[in-house]
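Colleague: I would like to learn how to read a model like this one. Please take me through it feature by feature.

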Amino acid sequence: MGHNHSHAHNHTHHANKKALLISFILISVFMIIEVIGGFLTNSLALLSDAGHMLSDAVALGLSLFAFKLGEKKANAKKTFGYKRFEILAAFLNGITLIAISGYIILEAYHRFIDPPEVASIGMLSIASIGLLVNVIVAFILMRGDTTENLNLRSAFLHVIGDLLGSVGAIIAALLILIFDWGIADPIASVIVAILVLISGWRVTRDSVHVLMEGNPAHLDLLKIRKYLTDFNGVIGIHDVHIWAITSDFPTITCHLVVNEDVDRDKLLQLVTKQLEEEFGIQHSTIQIEGPSLKKDIKDMCNTCN
């Protein structure tokens, strides 16, 4: 059971890493093209999209580095290994998204006041290629684990924001081309910036929750407490803590109070197995104690008072 889960986890990890590498190469190459195109056409929508693509390249590179670093074995100084760096990478990506959206809105404000001339045909051509590249990259990343792995999801949201940036740039280019609406360029930029801001906020919030040892969203603490107290021989539970080392590595520690006649080794084996099968918690640390120990602790506390 544990072997199969480990094999599946390793396969997913390898698929995530491969998806990030291919995406990183594609985004980096096109980003250079878009920066040049943005300056040549004088389009803020293109330049903001290129700026976002730069953050994509950094985000994908950082996520890739986090996966690679996470493969390092645990040691005496890092007893959980380096997997937590994936959450740090997601946090940095989220903060970057928020900062980029703020910069785009500020630039757009200046363009509302003084709309510049924009080479709409060049803008349309580059934005269309950008859309195609982003669709390909988004599809590649979707084949990875974007629901459970926060690190990959943060990189994926960067690309989705970028994809929307390309759509905004295309619409703005068409409006400038057909109706000569120069103001469409900063409007498209602001809409994209707001969408990027929302994505950035969500990733930052989720990564801070993990870093603060928050309860994983998919695990119900009360449900798990009740589940554990329903085992034969268990008469109480205390000091229950559930957190995640990284987004796909939930952990639990708790104290189970049991009857004196309970086979503790057998119960421990059963509880550990059931926590993995029912809730996907692979790493559990459970202390089993008799009712007399709990009474002794209470007596000690009363004496102290």
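Colleague: Which residue in β3 is the bridge partner of T251?

Modeller: H283 is the partner of T251 in β3. Strands are DSSP runs of E, at least two residues long, and helices are runs of H or I with at least four, numbered from the N terminus. Two strands pair if DSSP finds at least two bridges between them. Here β2 (residues 250–258) and β3 (residues 283–289) are parallel partners over 7 bridges. This is a predicted model, in which local features need pLDDT of at least 70 and side-chain atom pairs count only at pLDDT 80 or more, while totals for chains, interfaces and linings use all residues. Residues are numbered from 1 along each chain as its sequence is written, and side-chain values use heavy atoms, with hydrogens and water left out.

Colleague: What unit do β2, α8 and β3 make?

Modeller: A crossover is right-handed if, with the strands pointing away from the viewer, the path from the first strand over the helix to the second runs clockwise. With helix α8 (residues 264–279), β2 and β3 make a right-handed β-α-β unit.

Colleague: How many helices and strands does the protein have?

Modeller: There are 9 helices and 3 strands. Along the sequence they follow the pattern α-α-α-α-α-α-α-β-β-α-β-α.

Colleague: Which residues have the most contacts inside the largest nonpolar core?

Modeller: In soluble globular proteins, nonpolar side chains tend to be buried together. A nonpolar core is a set of buried Ala, Val, Leu, Ile, Met, Phe, Trp, Tyr and Cys residues joined through side-chain atoms within 4.5 Å. Buried means under 20% relative accessible area, exposed over 50%, and partly exposed in between (1.4 Å probe, protein chains only). The largest core here has 33 residues, and L20, M123 and L141 have the most contacts inside it. At least two residues of this core come from each of α1 (2–41), α2 (44–70), α4 (120–142), α5 (150–179) and α6 (184–211). Helix α5 gives the most, with 10 residues. Apart from this core lies another, of 20 residues, including L219, V271, F279 and I288.

Colleague: Is I87 buried or exposed?

Modeller: I87 counts as buried because its relative accessible area is 0%. This residue sits in helix α3 (residues 85–113). Contact means heavy atoms within 4.5 Å. Leaving aside neighbours within four places in sequence, I87 is in contact with L150, S207, V210, L211, I245, T246 and S247. I87 and I245 are 158 residues apart in sequence, yet 8.6 Å apart in space, C-alpha to C-alpha.

Colleague: What joins the side chains of D185 and R111?

Modeller: A polar contact is a pair of N or O atoms within 3.5 Å; within protein, one must be able to donate a hydrogen and the other to accept it, and residues adjacent in sequence count only if both atoms are side-chain atoms. The side chains of D185 and R111 make such a contact at 3.3 Å. D185 lies in helix α6 and is buried, because its relative accessibility is 1%.

Colleague: Where is D180 found?

Modeller: Most residues other than glycine have a negative phi. D180, in the loop between α5 and α6, has a positive phi near 60°. D180 is exposed, since its relative accessible area is 61%. D239 also has a positive phi, of about 50°, and is found in strand β1 (residues 234–244). At 44% relative accessible area, D239 is partly exposed.
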